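Hi everyone, thanks for making time for this. Please have a look at the model on the screen, and then I'll walk you through a few places in it.

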Amino acid sequence: MALKRTSLPRTAEAVALAELRDAIVRGDLAPGTQIRQTAAAEELGLSVIPVREALKTLAGEGIVTYVPQRGYTVTELTPRSVDGIFRIRELLESEAEANAAARLRPEDITAMRAAVDAQRAATAAADAPGVIAANRSFHFALLDRCDNDWLLRFVRQLWEALEPHRALSYRRAAAAGESARAEAILAEHDRIVTAFENGGTPRALRLLAEHRTEGRADFHRLLGPAEHTD
């Protein structure tokens, strides 16, 4: 199941929650995968109870889905749910970006540029986890400057609901030798950070909105016929 027990001093439930979340976000537990509580507990060296509580938390966030008689599975998106998530992202994330942009420091812009460089290197190496991590670092170098904790909390939840599908998309593209969209995303990120570097905050925010629209289209393409062929 690709879970691993870390040595950090956390409660058993915190360990289970962190490791399950990380495995899902990395794409090691793909959308539609059933999570067997006993097997997960054995891999983590825990009892079933903290694993069950962690799964309840993830279900509350929409990352996993509970179905009676079947148990927990990693949530699968539908075109309708993609539209719903991106509509909420449009409302919340655009507000968070505007809030954060007003507080953006030179070192934050430097971090955004470094994330673009890391994403470019990971793309060239066909390193899907590296691409995903760099992509997230790019966006949250900005978003983490938002001073509304509740707003940022909901934005993070929306991101995490999409990450397993993002991982699937990157891995499928890498396996097929497709690089056009990955290069386009890099170009979009480059234009955004360049706008911030040049002091063009309104342009940067407009480019971020356009980037989000392209991301929505990416997820709709992912949910085409190939989604169920693996």
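Let's start with the aromatic pairs, of which this predicted structure holds four. A pair here means rings of Phe, Tyr or Trp (its six-membered ring) with centres within 6.5 Å; planes under 30 degrees apart count as stacked, over 60 as edge-to-face and the rest as tilted. One of the pairs is F86 with F219, a tilted one, with 5.7 Å from centre to centre and 50° between the planes. This pair links distant parts of the chain: F86 is in helix 4 (residues 79-101) and F219 in helix 9 (residues 201-222), 133 residues apart. When I name helices and strands, I mean DSSP runs numbered from the N terminus, with helices being H or I of at least four residues and strands being E of at least two. Both F86 and F219 are buried. Buried means under 20% relative accessible area, exposed means over 50%, and partly exposed is in between, using a 1.4 Å probe and protein chains only.

Now for another pair, W150 and F154. Their ring centres are 6.2 Å apart and their planes are at 35°, so this pair is tilted. W150 and F154 both sit in helix 7 (residues 149-175), four residues apart, which is about one turn of the helix. Are these two buried or exposed? W150 counts as exposed because its relative accessibility is 53%, while F154, at 39%, counts as partly exposed.

A quick word on the ground rules. Residues are numbered from 1 along each chain as its sequence is written, and side-chain values use heavy atoms, leaving out hydrogens and water. As this is a predicted model, local features need pLDDT of at least 70 and side-chain atom pairs count only at pLDDT 80 or more, whereas totals for chains, interfaces and linings use all residues.

On to the cores. A nonpolar core is a set of buried Ala, Val, Leu, Ile, Met, Phe, Trp, Tyr and Cys residues joined through side-chain atoms within 4.5 Å. The largest one has 26 residues, and those with the most contacts inside it are M112, F138, L142, L143, I192 and F196. Two or more residues each come from helix 4, helix 5, helix 6 (128-143), helix 7, helix 8 (180-197) and helix 9. There is also a second, separate core of 20 residues, with A16, A23, I24 and L55 among them.

What does I192 touch? Not counting residues up to four places away in sequence, its contacts are M112, F138, A204, L207, L208 and H211. Contact here means heavy atoms within 4.5 Å.

Two polar residues are worth a stop. R113 belongs to helix 5 (residues 106-124), and its side chain makes a polar contact of 3.1 Å with that of T194. A polar contact is a pair of N or O atoms within 3.5 Å; within protein, one must be able to donate a hydrogen and the other to accept it, and residues adjacent in sequence count only if both atoms are side-chain atoms. Beyond its neighbours within four places in sequence, R113 is in contact with D190, V193, T194 and E197. The other residue is N99, in helix 4, which counts as buried because its relative accessibility is 15%. With residues up to four places away left out, N99 touches R145, C146 and D147.

Three strands form an open sheet in the order 1-3-2, with antiparallel pairing. Strands pair if DSSP finds at least two bridges between them. The edge strands, each pairing on one side only, are strand 1 (34-35) and strand 2 (64-67). Strand 1 and strand 3 (residues 71-74) share two bridges, and Q34 stands opposite T73. Strand 2 and strand 3 pair over four bridges, with V64 opposite V74.

Most residues other than glycine have a negative phi. Q69 is exposed, with a relative accessible area of 83%.
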